[in-house]
Amino acid sequence: MSGKPCLVEEIGTMGPMVCGDETAAGFLRVNLWSARAHGAHGLLWRCAFDQDHLTQPPYDWNMVERELGLLHRPGQPKTMAKEFETALSTMDTALPPARRDAVCLLTWNQDQVGVGYMTYVLAEQAGLTLRFASCDQELPDSKTYFMPSASGGVMSKRAYEAVKQKVWDGATLYLSLNITSAPMED
């Protein structure tokens, strides 16, 4: 969302209480390639080792989330660890630049992470790939803009004029308002 270099941190499944190793490996494979295609600089799995043998707090407080590692306790790799190895051996494969169908413009006085995430999910379900921009950044060129759940003061006059100019020049703008959030400022 920020346009800054980033990595995927603490990704994983809830372990065998939710899915088996093969499903978790498929989850990892999809997310490794998706992260790479979207320019992420790395991916950190939730835990290196299972923690099912630990008896001190906080590991004795709850029985879930103790088998989230890439490796079993004695150090034997799980299917997910093997997936990492396979993926890393093929990561030098060139990928085309990520397709960007539209820009999601995030505004002031909104839950930018929540709104951005839900907009991303809905766009993906509709077959669209988004680029994100804050209303404080220079507006990227696009034929389509989404400004979801705008509320409160929304944006500066400069940003407002830039969006208006893009629409005037032929771009499409989808705008929705969140009228239940922050009150309008004077």
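I started with the rule: rings of Phe, Tyr and Trp (its six-membered ring) pair if their centres lie within 6.5 Å, and planes under 30 degrees apart are stacked, over 60 edge-to-face, the rest tilted. My model is predicted, so to speak of local features I need pLDDT of at least 70, and side-chain atom pairs count only at pLDDT 80 or more, while totals for chains, interfaces and linings use all residues. Residues are numbered from 1 along each chain as its sequence is written, and side-chain values use heavy atoms, with hydrogens and water left out.

I searched the whole structure and got 2 aromatic pairs. One is Phe27 with Trp45, edge-to-face, at 6.5 Å centre to centre and 70° between the planes. I found Phe27 in helix H1 (residues 21-37) and Trp45 in strand E2 (residues 43-45), 18 residues apart. Helices (H or I, at least four residues) and strands (E, at least two) are DSSP runs, numbered from the N terminus.

Next I checked burial: buried is under 20% relative accessible area, exposed over 50%, partly exposed in between (1.4 Å probe, protein chains only). Trp45 is buried at 9%, and Phe27 is partly exposed at 32%.

Then I looked up Phe146 and Tyr174, a tilted pair with 5.9 Å between centres and 55° between planes. Phe146 sits in strand E7 (residues 144-150) and Tyr174 in strand E8 (residues 172-177), so this pair ties together parts 28 residues apart in sequence. Phe146 is buried at 17%; Tyr174 is partly exposed at 43%.
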